[in-house]
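Hi,

Here is the structure I promised to pass on to you. My notes on what turned up in it follow below.

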Amino acid sequence: MPDEHFQTYTSRVKQYVPHHPERGDDPYYHIFNSYKERCKRLNLIKCAVCGKLDTTTDPIELHHTLCEFSMSNGVDVSLFAALHPDLHIDSDDAFQQFVEGEGNLTPLCKPHHTGDEGIHVIVYP
């Protein structure tokens, strides 16, 4: 049996990203910012993978977990609501609030968010 080792491979993924507004024009962006500021103020923001704490020079980022912001305009809200009945999403407005809110945000350090082995480079549905 071979010893433990790392293996390198390359994947190419073509991903459809629907039209979406710039973050500054998003009427729900204040929900995202309020949650982030509250967590920072209470010193609760740390990476969900490694536990690294937020610092001024190396801030923790918030990852949209169940639905990425840039993909939210391409989601069938009724199907999403049926798949996640515990979220009580009964309208487009409720869905957009969820996308930017606490239940859809996971704090991650830069390497675990957008780094070489971060969630944004891992191929998953």
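Glu61 sits in strand 1, which covers residues 61–64; helices (H or I, at least four residues) and strands (E, at least two) are DSSP runs, numbered from the N terminus. Before going further, please keep in mind that this is a predicted model, in which local features need pLDDT of at least 70, side-chain atom pairs count only at pLDDT 80 or more, and totals for chains, interfaces and linings use all residues. Residues are numbered from 1 along each chain as its sequence is written, and side-chain values use heavy atoms, with hydrogens and water left out.

Is Glu61 buried or exposed? Glu61 counts as buried because its relative accessibility is 18%, where buried means under 20% relative accessible area, exposed over 50%, and partly exposed in between (1.4 Å probe, protein chains only). Not counting residues up to four places away in sequence, Glu61 touches Thr106, Pro107, Leu108, Lys110, His113 and Thr114; contact here means heavy atoms within 4.5 Å. Two of these partners also make polar contacts with the Glu61 side chain: the side chain of His113 at 2.5 Å and that of Lys110 at 3.5 Å. A polar contact is a pair of N or O atoms within 3.5 Å; within protein, one must be able to donate a hydrogen and the other to accept it, and residues adjacent in sequence count only if both atoms are side-chain atoms.

Next, the charged pairs. Side chains of opposite charge can pair when their charged atoms come close. The structure holds four salt bridges, a salt bridge being a side-chain nitrogen of Lys or Arg within 4 Å of a carboxyl oxygen of Asp or Glu. Here are three of them, with the distance between N and O atoms:

- Glu61 and Lys110, 3.5 Å. This pair links distant parts of the chain, with Glu61 in strand 1 and Lys110 in helix 4 (residues 110–113), 49 residues apart. Lys110 counts as partly exposed because its relative accessibility is 43%.
- Arg38 and Glu102, 3.3 Å. Arg38 belongs to helix 1 and Glu102 to the loop between helix 3 and strand 2, 64 residues apart. With a relative accessible area of 36%, Arg38 is partly exposed.
- Asp54 and Lys40, 3.9 Å. Asp54 lies in the loop between helix 1 and strand 1, and Lys40 in helix 1, 14 residues apart. Lys40 is partly exposed, at a relative accessible area of 32%.

On to the nonpolar side. In soluble globular proteins, nonpolar side chains tend to be buried together. A nonpolar core is a set of buried Ala, Val, Leu, Ile, Met, Phe, Trp, Tyr and Cys residues joined through side-chain atoms within 4.5 Å. Which residues make up the largest nonpolar core? There are ten: Phe32, Tyr35, Cys39, Ile45, Cys47, Ile60, Leu62, Leu105, Leu108 and Cys109. Helix 1 and strand 2 (105–108) are the elements that give two or more residues to this core, and helix 1 gives the most, with three. A second, separate core has eight residues, including Val77, Phe80, Phe98 and Val99.

Thr106 is found in strand 2 and counts as partly exposed, since its relative accessibility is 22%. Apart from its neighbours within four places in sequence, Thr106 is in contact with Ala48, Glu61, Leu62, His63 and Thr65. The side chains of Thr106 and Thr65 are joined by a polar contact of 2.4 Å. Thr106 and Ala48 are 58 residues apart in sequence, with 6.8 Å from C-alpha to C-alpha.

Finally, the backbone. Most residues other than glycine have a negative phi. Asn43 has a positive phi of about 55° although it is not a glycine. Asn43 is in the loop between helix 1 (29–41) and strand 1, and is exposed because its relative accessible area is 56%. His88, also not a glycine, has a positive phi near 55°. His88 is in the loop between helix 2 (77–83) and helix 3 (92–100), and is exposed at a relative accessible area of 64%.

Happy browsing, and write back whenever you like!
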